Amino acid sequence: MRIRIRREFGQEPTIYELPATLDGQDWASLSLSAAMAYVQRRYDPSLAYALSCGRGSCNICVVRIGDEVVTACTTPVTDDVLIEPARQKLQVKDVIVDMGLVKKARIAPIRDPAAFRLSTPSNASVEEFSSG
Ligand code: FES
């Protein structure tokens with residue numbers, strides 16, 4: 001399993017290899033937020049991403065996957081997924097965008113978060129993969 005994150009427009013995305021599972025859970029049952037948390041804690045502390053409610057309610061974690069803007073906390077991880085900032089002009093750092101301008105109508109429709117109930121890392125698992 002691997003994910004790609006476009007941290008700078010005009011540059012190739014950074015590729016991160018993930019273990020087969022996280023705490024025994026398949027990545028398909030985990031969110032993009034969980035994958036980015038893993039990458040930040042395990043490989044690259046400079047990776048910037050946003051996470052707050054963790055259940056699709058606040059939209060702070062919006063990212064772009066292909067032509068679609070989604071909430072990272074409710075979108076499942078797929079192999080070789082390319083994660084980009086929701087909109088290039090609003091990029092602050094990596095996949096974080098200017099939240100003052102993030103409104104559903106200004107970017108794109110966001111998938112129905114009720115359709116996904118995915119896991120984000122518990123504090124225990126975050127501590128576990130940040131210690132190694
Ligand atoms: S963290 Fe609130 S919608 Fe993702």
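Colleague: Let's start with α1. Which of its residues are buried?

Modeller: Leu32, Ser33, Ala34, Ala35, Met36, Ala37, Tyr38 and Val39 are the buried ones in α1. Keep in mind that this is a predicted model.

Colleague: And how many residues of α1 is that out of the whole helix?

Modeller: Eight of the 11 residues are buried, so the helix is mostly covered, going by a cut-off of 20 or more other C-beta atoms within 10 Å.

Colleague: OK, zooming out. How many helices and strands are there in the chain?

Modeller: The chain has three helices and nine strands. Starting at the N terminus, the order is β-β-β-β-α-β-β-β-β-β-α-α.

Colleague: What share of the chain counts as buried?

Modeller: Of its 132 residues, 33% are in the buried class.

Colleague: And the contacts, how many of them join residues at least 24 apart?

Modeller: If you take contacts between residues at least 6 apart in sequence, 55% of them join residues at least 24 apart.

Colleague: Switching to β1. Which side chains point to which face?

Modeller: β1 covers residues 2–5, and its side chains alternate.

Colleague: Which sense does β1 pair in with β2, parallel or antiparallel?

Modeller: Antiparallel, over four bridges, with β2 being residues 14–17. Ile5 stands opposite Thr14 of β2.

Colleague: Then what about β1 and β7, parallel or antiparallel?

Modeller: Those two pair in the parallel sense over three bridges, and β7 spans residues 81–85. Here Ile3 sits opposite Val81 in β7.

Colleague: Where is Asp23?

Modeller: Asp23 is in the loop between β3 (21–22) and β4 (25–26).

Colleague: What about Asn59, what is its phi?

Modeller: Asn59 also isn't a glycine, and its phi is positive at about 70 degrees. You'll find Asn59 in the loop between α1 (32–42) and β5 (62–65).

Colleague: Is Asn59 buried or exposed, and why?

Modeller: Asn59 is buried, because 20 other C-beta atoms lie within 10 Å. Asp23 has 14 within that distance, so Asp23 comes out as partly exposed.

Key
Residues numbered from 1 in each chain as written. Predicted model: local features only at pLDDT ≥ 70, side-chain atom pairs only at ≥ 80, totals over all residues. Buried ≥ 20, exposed ≤ 12 C-beta atoms within 10 Å, placed from the backbone. Pairing = 2+ DSSP bridges. Contact = placed C-beta atoms within 7 Å.
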